[in-house]
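Here is a short briefing on one protein chain. Look over the sequence and the model first, then read the points below.

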Amino acid sequence: LPVLALLVFALATSAAFSLSSDVAAPRLRNVVPSRCSVAMRSAAFSLRLRGGEEDEAKDVEAKEDEDDLFGDDAVEDVAAAEARKAKAAEAQEKAAGKKKEEKTAKTNVILDVKAWGDETDMAALEASVRKIEMDGLLWGASGLEEVGYGIKKLRITVVVEDDKVSIDELEEKIKEDEEHVQSVDVVTMSKI
């Protein structure tokens with residue numbers, strides 16, 4: 001097969017070889033095996049079979065139009081690239097938004113709220129503490145613990161968003177209930 005292809009190419013490009021008669025053209029086409037590429041056959045024989053360079057130029061242009069695999073797709077490729085860029089930008093914006101939401105720092109705080117004495121109503125004390133509402137503040141579990149001599153303290157858990165709630169400000173608001181609250185201490189603080 002490669003030998004036949006070389007032979008056909010050599011015959012087609014030879015200056016001495018010319019096919020001007022319509023009788024010789026079909027015989028030469030039969031010599032070229034069907035397994036040779038269509039491009040090789042059309043390029044090799046177009047000049048000799050049709051008899052001029054003008055015809056060859058037309059054939060080359062027609063062939064380029066037929067085989068132009070990338071010409072028409074250029075517009076579609078640009079549009080597809082723009083769509084991909086837009087999707088990527090949108091995905092980055094979503095990821096950045098999620099990261100910002102995830103970066104909201106929260107702290108778990110356990111507070112000890114001490115009463116004035118053993119006669120202090122601890123239920124009223126807890127109610128006054130839980131009555132405090134702020135954006136980014138979430139009250140949790142609570143319990144009473146013995147301090148000594150019948151005096152109890154309220155141990156309460158609270159979750160705060162660091163950007164919205166200050167622990168010092170929260171302590172001050174709890175201490176505003178001077179009738180029930182003697183002092184407020186932070187037992188533990190841990191980042192969530």
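Of the 192 residues in the protein chain of this predicted model, 25% count as buried. The chain exposes about 13700 Å², and carbon and sulfur atoms supply 53% of that area.

**Fold**
- Seven helices and four strands make up the secondary structure of the protein chain.
- Their order along the sequence is α-α-α-α-α-β-α-β-β-α-β.
- Among contacts with a separation of 6 or more, 67% join residues 24 or more positions apart.

- The salt-bridge count comes to nine.
- Asp-112 pairs with Lys-153 at 2.9 Å, N to O. This links strand S1 (residues 106–115) to strand S3 (residues 151–161), across 41 residues.
- Asp-112 also pairs with Arg-155, at 2.8 Å, N to O. Arg-155 lies in strand S3, 43 residues from Asp-112.
- Asp-112 is buried, at 5% relative accessibility. Lys-153 is buried too, at 13%. Arg-155 is partly exposed, at 26%.
- A network of salt bridges links Asp-112, Glu-145, Lys-153 and Arg-155.

**A salt bridge between loops**
- Lys-164 and Asp-135 form a salt bridge at 3.5 Å, N to O.
- Lys-164 sits in the loop between S3 and helix H7 (167–175), while Asp-135 sits in the loop between helix H6 (122–130) and strand S2 (137–148). The two are 29 residues apart.
- Lys-164 is partly exposed, at 45% relative accessibility. Asp-135 is exposed, at 57%.

Definitions and conventions:
Residues numbered from 1 in each chain as written. Predicted model: local features only at pLDDT ≥ 70, side-chain atom pairs only at ≥ 80, totals over all residues. Heavy atoms only, no water. Buried < 20%, exposed > 50% of the residue type's maximum accessible area, 1.4 Å probe, protein only. Contact = heavy atoms within 4.5 Å. Areas by Shrake-Rupley, 256 points an atom, 1.4 Å probe, with all protein chains shown as cover. Salt bridge = Lys/Arg side-chain N within 4 Å of Asp/Glu carboxyl O.
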